[in-house]
Amino acid sequence: MYILSKRTIMQVFTDLFFFATHFNMDPQKIQWCILEDKSNPCRFLLGIKNKDSKIVISVEERKLRRLKRGKLVALDAILKKNKRGYKLQSIKPLVATGKKIILSFKEKDLADLYYDQWYDASMEPKKHRS
């Protein structure tokens, strides 16, 4: 269980354990991926896949989705930290383009999505002293 403070809040949202806990999945069986939405060309999303299932977490949509052939595909990816934030890069290039997919984001991007879904004492209203 995480005890969050303002100093650690940002690190939590790039930790797979946070997502495993939030979505009730085994942290030993999940890994980062890039979701390719084939129904919407050129739409790629941050994802987390369960190695033993066709269920994935669409991080940006904040929900579980099912992989469907020809509609939603999970590309294995590696998360790397850089000076500006993070980069999620596909391990293999796309067959159609021969290029790897790279999604860049900052910890704040994920915190903005998930902060209100994880209790922290800093969310409580400030008490006024009388």
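The side chains of Arg65 and Glu61 meet in a salt bridge at 3.1 Å, N to O, where a salt bridge is a side-chain nitrogen of Lys or Arg within 4 Å of a carboxyl oxygen of Asp or Glu. The model is predicted, so local features need pLDDT of at least 70 and side-chain atom pairs count only at pLDDT 80 or more, while totals for chains, interfaces and linings use all residues. Residues are numbered from 1 along each chain as its sequence is written, and side-chain values use heavy atoms, with hydrogens and water left out.

Glu61 also forms a salt bridge with Arg43 (3.2 Å, N to O). Because Arg43 lies in strand E2 and Glu61 in the loop between E3 and E4, this pair ties together parts that are 18 residues apart in sequence. Strands (E, at least two residues) and helices (H or I, at least four) are DSSP runs, numbered from the N terminus. Arg43 has a further salt bridge, to Asp37, at 3.2 Å, N to O. Through shared partners, Asp37, Arg43, Glu61 and Arg65 are joined into one network. Asp37 is buried, at 6% relative accessibility, whereas Arg43 is partly exposed at 28%. Here buried means under 20% relative accessible area, exposed over 50% and partly exposed in between, with a 1.4 Å probe and protein chains only.

Next comes the sheet. It is open and antiparallel, with 7 strands in the order E4-E3-E2-E1-E5-E6-E7; two strands pair if DSSP finds at least two bridges between them. E4 (63-66) and E7 stand at the edges with a single partner strand each, so one side of each has no neighbour in the sheet. E2 and E3 (residues 55-58) are joined by 3 bridges, and Ile48 has Ile57 in E3 as its bridge partner.

Helix H3 packs on the sheet, touching E2, E3, E5, E6 and E7. Its buried residues are Glu107, Leu110, Ala111 and Tyr114. Seen down the axis of H3, these fall within an arc of 105°, taken from the directions from the helix axis to the C-beta atoms, so they line one face.

The largest nonpolar core has 23 residues, of which Phe19, Ile48, Val59 and Leu88 touch the most other members. Such a core is a set of buried Ala, Val, Leu, Ile, Met, Phe, Trp, Tyr and Cys residues joined through side-chain atoms within 4.5 Å. H2 gives the most to this core, with 4 residues. A second, separate core of 6 residues includes Cys33, Leu35, Val56 and Leu72.

How values were computed
Contact means heavy atoms within 4.5 Å. Axes are lines fitted to C-alpha atoms, for helices over the stretch in contact, and angles run from 0 to 180 degrees between N-to-C directions.
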